[in-house]
Amino acid sequence: MPAGRFHWVFIESMKLQGIFPALTTCFDEQGAVSREKTVYNITKLNKIALTGYLVCGSTGETPLLNTDERIQSMRWVSEAAQSGKILIAGVGAESVHETVRMAGLAAEAGFHAALVLSPFYYRVQMHKPDLQLLFFRSVADRSKLPVLLYNIPQVTGYDLPVETIAVLSQHPNIVGMKDSSGNVDKLKETVQAAKPGFQVLSGAGVNFLDALHVGASGAILALANPLPYACVTVWEAFRTREYEAGQDWQTRIGPAGRLIATKYGIPGLKYAMELNGYYGGPPRLPFLPPSQDAKVEIEQAFDGLRS
């Protein structure tokens, strides 16, 4: 079968359902990316019914990594991941050229899809639907991997319009999106407006059950690093229509999710991972580890949720 034909068949059969941890990047005490700790975390996560992994997303401190470190992390996760896991690479860059280059390197590392961030640095020019359309279409035309749109207005300052997403959903190499806005009403509108089969994943740990109820196919979550079992439990309860159980678990993990998402960020998330037996390790400067008071608050929020 020709390579191009295999590519399109794979796109049509890719099911982005369930829970994907948005992986943190493991740094050692000297600040270098650590293969040993990366493999340690993936080996533990492989034992849980996760659909796959996202590498080099926002949770991975990706803006603080160089290209070699990004590709190293992808290769280590690819080597350690259990067969059957879907691997998504964050390939965000401001130019079409660099985004496509990163997607090609991710493909060589064994990844299955590319998460593409909206360009945002030149905000006056780039915060326009026509240029966003041009960017994503140009990337999708050239990418060796199926493309997922990445909407995270907290970072980019730009919320992809529903109309723009609907148009992009028609592209044969754009298979879905990660929406980290936390806006469930808009996510519902997106699902309804997009082409049938376009898969929308929630990126908000505090309300992803609500997103599932309005049509999200799954979730890519930072919170699934320290609480993978709890996040999968919510998904399984939704999948089996045990809605009360799902809501109970979403309510239980909500305070911890809000604390990490809005107050302590990646340093707090990494400390929470340590509480549950995963390697969190230090964040990369200019991030600082949480203070002693912050650690106490995180311990209280995660009390009763430890695996």
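Glu69 is found in helix H3 (residues 67-80), where helices (H or I, at least four residues) and strands (E, at least two) are DSSP runs numbered from the N terminus. This is a predicted model, in which local features need pLDDT of at least 70, side-chain atom pairs count only at pLDDT 80 or more, and totals for chains, interfaces and linings use all residues. Residues are numbered from 1 along each chain as its sequence is written, and side-chain values use heavy atoms, with hydrogens and water left out.

**Surroundings of Glu69**

- Glu69 is buried, with a relative accessible area of 13%; buried means under 20%, exposed over 50%, and partly exposed in between (1.4 Å probe, protein chains only).
- Its side chain makes a polar contact with the side chain of Arg284 at 2.9 Å. A polar contact is a pair of N or O atoms within 3.5 Å; within protein, one must be able to donate a hydrogen and the other to accept it, and residues adjacent in sequence count only if both atoms are side-chain atoms.
- Leaving aside residues up to four places away in sequence, Glu69 touches Val33, Leu64 and Arg284 (contact means heavy atoms within 4.5 Å).

**Strand E4 and its burial**

- Strand E4 (residues 113-117) is mostly covered, as five of its five residues are buried.
- Ala113, Leu115 and Leu117 lie on one side of E4, and Ala114 and Val116 on the other.

**Partners of E4**

- Strand E3 (residues 86-90) runs parallel to E4 and is joined to E4 by three bridges; two strands pair if DSSP finds at least two bridges between them.
- Ile88 stands opposite Ala113 in E4.
- Four bridges join E4 to the parallel strand E5 (residues 147-151), with Leu115 opposite Leu148 in E5.
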